Amino acid sequence: MQSIRELCKASTILSEDDIRIVEDLASKLQIFADLSQADMFIDCPTVDRSAALVVAQAKPATARSMYSGSVVGHLATAINEPAVMYCLTTGKPVIGSRGVSQEQVVMRQSVVPITNAAGKTIGTLITEQDISKQVEQEKNVEMLKETTEHLSETLIQFAVPDMPISSLLHEGMILFDQSGTITYANGRAHKLLSLIGFERPDKGISIERVFSWRVSPENFVRHGGYIQDELSKGKHFIMMKAVSSVRKLDIIGGIILLRDISDIREKEKQLMIKSAVIKEIHHRVKNNLQTIASLLRLQMRRSQSNEIEKVYRESINRINSIAIIHEYLAQDGLEQIDFKEIVTKISKIIVSSMRRSEQTIHVVVTGESVYLPSNKATSFALIVTELIQNCMIHGFSERHEGRISIALVSKEDFVSLSVTDDGVGIEDMEHILKKGHLGLKIVDTLVKEDLEGTMHFRNTGNGTEVTILYPIQKEDEDDTAEDYGGG
């Protein structure tokens, strides 16, 4: 097996001083692993910065390791190790994210940067701890909590009527015997039924007289001893829940609970009105954007310059991508968007508008449904637009056939979006970014400022892969955790 120095010299960007810092930390890694009862690793950035290389590993002697073999020499990419690449790129720690190990064990992973004397991030220190027992305990506590809540509800519902607590209940409560005669009704029940014009539930009268057919014996039998109904008059809405106790075929009594839900119904009504207004606004915004795109398209056709036509076409694609988001919101009225649907639609529209007549470009979208807030979805839509346009303009400029693969994955605390083509490939992405390529500049700005994420390029050997990492829940930096390295 290669030494840490040999691995770093062959595959990383580390200087001699940096390698000494990593070697010093690696010499203490076994002690750290034993103390923390966790697997520990050191990953360093590769020469092209597209991945991280595992240069050191320590398995705990004080606990069960989650790894049967060594992973030293393996690569960690933005897709399979988002926290590592995010930490390397930003220099920010990712503490306490949960995930599943290669051997399907639930674990907690923490990643902190390793810095040199100049404050530059030269690697990451990774801690992975088996928390399967803790997760099991959490599930047991949750089940106990639910059981306690159900028991509390039962005790309150069947509280002795003469006890003072029955008059303090927010719900109206009515008890009846086997003949359907009311044996008790608290003050809240009297008040709620008066709001909707029902007869007073006085002791000794029949529940059928108050509620008519709603709580008849036949209705109890038909609904398995449990009846739920909504009673209303004007702006007042009352939720009624009736439960009967049955012994063989006979009803031996039961309880009726009444709750005022007028405020809930009023809020639902207001939400429906607001939702309709918001959907109409999104619909109008979509129409306005499509109108602007149509005007630009007319102007583009009048142009005699290929360069100007290219600029117009890219601008039209950007506008259409934003319009698709508003179209989705206009239909569903939701603020959470299934971005996989959006990606599928955007990619087909862009490829169709940019491919030459003799070209055949296939687009494949894989992954899972990932729901994003509308503002983040808009940023992602523009990012996808720019990356696909980049594939069409640069990757397939001299090819008749091509394939674009888009993968959307939600993993641990990150959403990753990867756009991969089988085009000509890009050798020096840093040089292209420095030249000020507008599309990639837009992507870089959106990723850093809107998503607070990171962007990673990788030459696959058969094309280019661009991965965007978006941290779903950004953890506050732990002031007590110090970077290992020079001071």
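**Entry 1**

I looked up Glu280 and found it partly exposed, at 36% relative accessibility. In this notebook, buried means under 20% relative accessible area, exposed means over 50%, and partly exposed lies in between, computed with a 1.4 Å probe on protein chains only. I worked on a predicted model, in which local features need pLDDT of at least 70, side-chain atom pairs count only at pLDDT 80 or more, and totals for chains, interfaces and linings use all residues. Residues are numbered from 1 along each chain as its sequence is written, and side-chain values use heavy atoms, with hydrogens and water left out.

I then asked which residue meets the side chain of Glu280 in a salt bridge. The partner is Arg284, at 2.9 Å from N to O. I applied the rule that a salt bridge is a side-chain nitrogen of Lys or Arg within 4 Å of a carboxyl oxygen of Asp or Glu. Arg284 is exposed, with a relative accessible area of 52%.

I noted that both residues belong to helix H10 (residues 262–302), 4 residues apart, about one turn of the helix. Helices (H or I, at least four residues) and strands (E, at least two) are DSSP runs, numbered from the N terminus. An α-helix has 3.6 residues a turn, so residues three or four places apart point the same way.

**Entry 1: Glu386 and Arg318**

I next examined the salt bridge between Glu386 and Arg318, whose closest N and O atoms are 2.3 Å apart. This pair links distant parts of the chain: Glu386 is in helix H13 (residues 374–395) and Arg318 is in helix H11 (residues 306–332), 68 residues apart. Are these two residues buried or exposed? Glu386 is buried at 4% relative accessibility, and Arg318 is buried with a relative accessible area of 14%.

I found a salt bridge from Arg458 to Glu465, with 3.1 Å between the closest N and O atoms. Arg458 is partly exposed at 27% relative accessibility, whereas Glu465 is buried, with a relative accessible area of 10%. I also recorded one network, in which salt bridges that share partners join Arg5, Lys9, Glu16, Asp17, Arg20 and Glu23. By the rule above, the count comes to 22 salt bridges.

**Entry 2: Helix H4**

How many residues of helix H4 (residues 82–90) are buried? I recorded 7 of its 9 residues as buried, so the helix is mostly covered. The buried residues are Pro82, Ala83, Val84, Met85, Tyr86, Cys87 and Leu88. Just after H4, I noted that Gly91 takes a positive phi of about 75 degrees.
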